[in-house]
Amino acid sequence: MTSALDSLPPLRDVLQKHDLFAKKSLGQHFLLDLNLTDKIARLAAPHPVVLEVGPGPGGLTRSLLQAGAEQVFAIEKDERFLSPLQDIIDASEGRLTVNNTDALRVNPADLTDIRPMRICANLPYNVGTKLLINWLTASPIFWDRMVLMLQKEVAQRVVATPGNKAYGRLAILAGSIVHGHISFDIPANAFTPPPKVDSAVIVLDILPEDKRFADLKTLGQVTAAAFGQRRKMLRKSLKQLANTSNISLDAWLEKAEINPTDRPETVDIAGFHRLTEILLTLG
Ligand code: SAM
């Protein structure tokens, strides 16, 4: 079935018509190949409601609507894109809503009551990790899946497993509430203009509620202490946190079944959960 969305002009023409150039300060690197945006969108849609941060000229937005996102709520900070995005609103018969604001300043959960939302975005590099952490720690969780384009190095840090040099605070936070994997890589030259590094698309599916770790704040304190001194053994790096929590370091590590001479990158996510839970019971 054809729709007015099929008749929208190629994205290069959209940029030219509206005299739009990429602003480095807003992390603007556009995906102008609609085959590629279609491939990404199919990981998120069909779905009743999708949140997109940074639609820019709207390639991924168009793909999401065509892949069966019934409603798309987009947050775009750069007002220069409002005019081209209006053409997509018209072609989609109102299925797209654009909010001209900073995604760091809005709670996406306030945009609609429809649940669960799905998040799909080619994130600006400068705020991508911050937004990801905001969504992972949102309470209550308002989404069931995130499909995100991130710098490859950040994507690897999200899905890293123990023993890997990318394994650290981000992998432990993410692994405490999602099951994630890298779906595919996107080379830098797929973007206009190309960034300095390659990107990857990650898919993060929320774990069932009874499998999620509840106290992410205390978990964050434990992992910050442990990985703040990455090369040190845990008996050294966790000493200060044990002191400020008024607990015995030896008893803490023993009860959590953690070897005091281990380094943090060898401890699995379940080990960090035990450390967090026992810190709370001893403290
Ligand atoms: N989605 C488009 C694409 O794939 O071609 C553009 C992606 S570009 C990497 C990032 C987009 O995020 C830009 O449109 C930029 O203006 C927007 N952006 C940057 N910082 C933002 C923020 N804090 N809040 C909302 N949008 C932001």
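User: Which backbone oxygen does the side chain of threonine 281 reach?

Analyst: Happy to take you through it. This is a predicted model, in which local features need pLDDT of at least 70 and side-chain atom pairs count only at pLDDT 80 or more, while totals for chains, interfaces and linings use all residues. Residues are numbered from 1 along each chain as its sequence is written, and side-chain values use heavy atoms, with hydrogens and water left out.

The side chain of threonine 281 reaches the backbone oxygen of isoleucine 278, at 3.0 Å. That is a polar contact (a pair of N or O atoms within 3.5 Å; within protein, one must be able to donate a hydrogen and the other to accept it, and residues adjacent in sequence count only if both atoms are side-chain atoms). Threonine 281 sits in helix α12, residues 269-282; helices are DSSP runs of H or I with at least four residues, strands are E runs of at least two, and both are numbered from the N terminus. Its relative accessible area is 62%, so threonine 281 counts as exposed (exposed is over 50%, buried under 20%, partly exposed in between, with a 1.4 Å probe and protein chains only). Glutamine 221 is 60 residues away from threonine 281 in sequence, and their C-alpha atoms are 15 Å apart in space.

Arginine 118 belongs to strand β5, residues 117-122, and is buried because its relative accessibility is 14%. Its side chain also goes to a backbone oxygen, that of alanine 44, at 3.2 Å. Beyond its neighbours within four places in sequence, arginine 118 has contacts (heavy atoms within 4.5 Å) with residues including Ala44, His47, Leu51 and Asp144.

Now for the ligand. It is surrounded by 19 residues, the closest being Gln28, Leu31, Gly54, Glu76 and Asn122; a residue counts here if one of its heavy atoms lies within 4 Å. A polar backbone atom of leucine 31 is 2.8 Å from a ligand oxygen, and one of glycine 54 is 2.7 Å from a ligand nitrogen. A backbone N or O atom of proline 55 lies 3.4 Å from a nitrogen atom of the ligand. Taken alone, the ligand exposes 590 Å², of which the protein buries 98% (Shrake-Rupley areas, 1.4 Å probe; for residues, only the protein chains shown count as cover).

As for the whole, the protein has 12 helices and 9 strands, and 47% of its 283 residues are buried.
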